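Subject: Structure handover and notes

Hello,

Please find the structure below. My notes on what was found in it follow.

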Amino acid sequence: MTPVELSRTVLHAVRCAVDAGELSVTVPERAVVAPPGPGGWGDYATSIALQLARPAGQPPLRVAEAIRPYLAGAEGVGGVRITGPGFINVRLLDSAADRLVRRILRERLRYGHGDALSGEVVELRVPYDVRAEVVADALVRIVGSQGGRAEVGHGDPVTLRPVPAPEDPAPLGPDAARWALLHPAPHDRPRISADHLVQRESNPLFRVRYAHARTRALGRNAADLGFTAEPGPLGDLVDAEGLLALLADHPRVLTVAATHRAPDRLARHLVSVADAVLPVLPAVLPRGEEKPSAAHRARLALAEAAGTVLAGGLSLLGIDAPDHL
């Protein structure tokens, strides 16, 4: 649906509200639709309710509520939400969010891979230091995800020299040790402590792996309830916009991590994705006697997309993403 078609759809919804006696106004000739501003939602927003409030003799929110059901039922509209003083926000069925989720589920662990470094050979000359070796090892995969090839060697001139770890990270185990060395920026001294092993929210690695495991568990639980993931309208899902923005930003993050030789950028991005998806997960499955709906299938698809990004990112860092935690 184009903006012009959506404008006509909004005017038709106004006409329906007038015909039903819910509004007493002259239907305008034009309804302005535009991408939602700060605090908005969906693909487009219109201020038609604010425009009609005075002639209708009603508050803008009441006008918006009168228009909302007719707009929500229109062909091609996936969801409607009212924000602010009376802005009507619309998500289209084939929205940018739907296309993003479909793309992630189609490309799976290769989502975000590109050709920014196609044909480029990146020489990584590192000192004989455990942190430098681990960072270089991660960069081999990250550079490869962008079409380049990284070659690691030792000796002068050194091209990659992150601040060394203050002590041997090996006692943390392979995954926690790699995270401890990769998560801080190269110029920051890594912290080697048992905090990287605790199973609680204060541990960023735990949050990332826990979020991934939760998305996989939801898929298993949904299968037990007889439904699978299908991208589409999310209904009144709170906090989805921030998560969608982070998922859409994943390809850029991988490119930046590769070109700036900075796996820490990817590690911190994964923490942001995990923190954004965890509040969404409780709304994925039906509650009580509620039956699975299209919104539940769409929410499951979004959760699976987030889990895919987390698994792919951890894999590039050389860290395991278990399905059970």
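Two strands are taken to pair if DSSP finds at least two bridges between them; helices (H or I, at least four residues) and strands (E, at least two) are DSSP runs, numbered from the N terminus. The model is predicted, so to speak of local features pLDDT of at least 70 is needed, side-chain atom pairs count only at pLDDT 80 or more, and totals for chains, interfaces and linings use all residues. Residues are numbered from 1 along each chain as its sequence is written, and side-chain values use heavy atoms, with hydrogens and water left out.

On the strands: β2 (residues 44-46) and β4 run antiparallel and are joined by three bridges, with Ala 45 opposite Asn 89 of β4. Strand β3 (residues 77-83) also runs antiparallel to β4, through six bridges; Gly 79 has Arg 91 as its bridge partner there. Three residues separate β3 from β4 in a hairpin, and Gly 84 in the turn has a positive phi of about 60°. Of the six residues of β4 (residues 87-92), five are buried (under 20% relative accessible area, with exposed over 50% and partly exposed in between; 1.4 Å probe, protein chains only).

Over residues 4-92 the chain is 43% helix and 20% strand, and the end C-alpha atoms lie 13 Å apart.

On the cores: a nonpolar core is a set of buried Ala, Val, Leu, Ile, Met, Phe, Trp, Tyr and Cys residues joined through side-chain atoms within 4.5 Å. The largest has 71 residues, and those with the most contacts inside it include Trp 179, Leu 266 and Leu 317. Helix α10 (294-317) is one of the elements that each supply at least two residues, and α10 gives the most, 13 residues. Another core, of 27 residues, lies apart from it, with Leu 6 and Val 25 among them.

On the helices: the axes of α8 and α9 come within 10 Å and cross at roughly 170° (lines fitted to C-alpha atoms over the stretch in contact, with angles from 0 to 180 degrees between N-to-C directions). The two helices are therefore roughly antiparallel (parallel under 35 degrees, antiparallel over 145, perpendicular 65 to 115, the rest oblique). Residues in contact (heavy atoms within 4.5 Å) include Leu 243 and His 250 of α8 and Leu 266 and His 269 of α9.

Regards
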